[in-house]
Amino acid sequence: MAKGPEKNTKNKALHTKLLNRKKAKLQEEKKEKALRLKTLVTKMNQQKNSDESDAG
C-alpha cells in the first residue's frame with residue numbers, strides 16, 4: 001500500500017507549546033487579579049472599621 005504524506009508533528013508541537021503558554025499566562029493574570037481584589041477588599045474593610053470607630 002502507498003503511504004500518505006508524513007505528518008507534520010513539528011508544527012503541532014509548537015502550536016501546543018504556544019497554547020500552553022497562553023493558558024498559563026491567563027491563569028497567572030486571573031490569580032493576580034484575584035489577589036489585587038483581595039487586598040483592595042481588606043483595605044476597604046480596614047478603612048470602614050476605622051471610620052466606624054472614629055464616629056462611635
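Helices are DSSP runs of H or I with at least four residues, numbered from the N terminus.

**View 1. Overall form of the predicted model.** In this predicted model, the secondary structure of the protein comes to one helix and zero strands. The radius of gyration is 25 Å, well over the 10 Å that the globule rule gives for 56 residues, so the protein is more spread out than a compact globule. Along the principal axes, the C-alpha trace spans about 90 × 15 × 5 Å.

**View 2. Met44 and the nonpolar patch on the surface.** Met44 lies in helix α1, which covers residues 9–55, and together with Leu37 and Leu40 it forms a nonpolar patch on the surface, the three having about 300 Å² of accessible area together. Met44 is partly exposed, because its relative accessible area of 46% falls between the limits of 20% for buried and 50% for exposed residues.

**View 3. Thr42 in helix α1.** Thr42 also has its place in helix α1, and with a relative accessible area of 41% this residue is partly exposed. The C-alpha atom of Thr42 is separated by 41 Å from that of His15, and the two residues are 27 residues apart along the chain.

**View 4. Surface and charges of the protein.** The accessible surface of the protein comes to about 6,100 Å², and carbon and sulfur atoms account for 57% of this area, while 0% of the 56 residues count as buried. The protein carries 16 positive and 7 negative charges, and the mean positions of these two sets are 16 Å apart.

Notes:
Residues are numbered from 1 along each chain as its sequence is written. This is a predicted model: local features need pLDDT of at least 70, side-chain atom pairs count only at pLDDT 80 or more; totals for chains, interfaces and linings use all residues. Side-chain values use heavy atoms; hydrogens and water are left out. Patches are made of residues with over 30% relative accessible area and no salt bridge: like charges are joined within 9 Å, nonpolar side chains (Val, Leu, Ile, Met, Phe, Trp, Tyr) within 5 Å. Accessible areas come from the Shrake-Rupley method with a 1.4 Å probe; for residues, only the protein chains shown count as cover. A salt bridge is a side-chain nitrogen of Lys or Arg within 4 Å of a carboxyl oxygen of Asp or Glu. Helices (H or I, at least four residues) and strands (E, at least two) are DSSP runs, numbered from the N terminus. Buried means under 20% relative accessible area, exposed over 50%, partly exposed in between (1.4 Å probe, protein chains only). The radius of gyration is taken over C-alpha atoms; the globule rule is 2.2 Å times the number of residues to the power 0.38. Lys and Arg count as positive and Asp and Glu as negative; His and the chain ends are not counted. The place of a charge is taken as NZ of Lys, CZ of Arg, CG of Asp or CD of Glu.
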